Amino acid sequence: MTTSLPPSRHPRAVLLGAQAGAVGLPVCDHYAGVEARMRKSLALQAEWSARHGACWFDVTLDCEDGAPVGAEAEHAALIVELVRGLDWAAAVPPRVAVRVHPVDHPAFEADVATIVGAVGARLTHVMLPKVESVADVERAAAALDAAGAPTLALHALIESPAAVHRAFDIAAHPRVASLSFGLMDFVSAHGGAIPATAMTLRGQFEHPLVRRAKLEIASAAHAHGKVPAHGVVTEFRDREAVRHAAERAAREFGYTRMWSIHPDQIEPIVAAFRPQPGEVEEAAAIIERAAAADWAPISHQGHLHDRASFRYFWQVLERAHATGVALPETVRGHFR
């Protein structure tokens, strides 16, 4: 059984230090922009949260590519109505965000003024698409400030070769909590130099330029304690394909979050980002022994471990807890 530790001796404080304040987000970000799908997605989130006692995925209400064109003001007003109508007194409060138009789009300022001005305090973040530079982030941050949300986080969607080049600078901005990769716009931005097969399930993990972009974005996010979010898989009805893509994104490319564009994708994504039972058992055993040794080096199954590796195994347990994996009793108390 876990013994109670004072805050200064808790694994997060001892092992993560300054990283203890790093961004932590659900592993799945679900997008919906058509009214019926937005309502269904919000209802599904409430259902899952009530069943599991935790919110396993965000819902991002879309004003951009996933939304109808030509009624931007009406769509923004609908999003305000939907957010206001959620059950904010629930035991597990909703986690809802909005994707606005790019900063150079005529509807950007109206999106922010309407939505953030009305329900900014209820949003987890604003997703900013087609970010090209830190200047775009600054412009968006100024708009959020003007709408009365000076602490609301921004997530930046990287969708062009130039933006990939500037990913480290974008990730460094204090208002940016996450970087996402926009595969289809990235491929299109190359003017036909990258084939359409690079937008498929298999091709997006094999084309050298796409692989490089994914790795740069993940590296930039981790360098600044931000969350790298992998983009969409368009084969949305193939649950096995979604699971396979999510596992590759997590285990080969360093992503800790992934987009969903259909409710059927949510469960495979969450499952793919869960640590395996053997990983959790090993991590729990190491953390239990490390805590008992006051975080001095230990030997476990013939391997020497110290705080450098303790940090990794603690993060395995954090990821397990966030994705609903049952933790061994020996470490469960660290999460109460």
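The model is predicted, so local features need pLDDT of at least 70 and side-chain atom pairs count only at pLDDT 80 or more, while totals for chains, interfaces and linings use all residues. Residues are numbered from 1 along each chain as its sequence is written, and side-chain values use heavy atoms, with hydrogens and water left out.

Reader: How many Å separate the centres of domain 1 and domain 2?

Author: First, the bounds, which come from an automatic or database domain assignment: domain 1 is 28–273 and domain 2 is 276–334. Taking the centres over C-alpha atoms, the separation is 31 Å.

Reader: Which residues of domain 1 lose the most area to domain 2?

Author: Buried area is the accessible area (1.4 Å probe) that two parts lose on being put together, summed over both. The two domains bury about 420 Å² between them, 44% of it on carbon and sulfur atoms. On the domain 1 side, 78% of what is buried there comes from three residues together: W56, R251 and F273.

Reader: Which residue forms a salt bridge with R251?

Author: Side chains of opposite charge can pair when their charged atoms come close. The rule wants a side-chain nitrogen of Lys or Arg within 4 Å of a carboxyl oxygen of Asp or Glu, and between domain 1 and domain 2 the count is one. Here the closest N and O atoms are 3.2 Å apart, and the partner of R251 is E279.

Reader: And what about the salt bridge of E318: which side chain does E318 meet?

Author: By this rule the count comes to 21 salt bridges. In this one, N to O is 2.1 Å. The pair links distant parts of the chain, 306 residues apart, with E318 in helix α13 (residues 307–322) and its partner in helix α1 (residues 11–16); helices here are DSSP runs (H or I, at least four residues), numbered from the N terminus. That partner is R12.

Conventions: Helix = DSSP H or I, 4+ residues; strand = E, 2+ residues; numbered from the N terminus.
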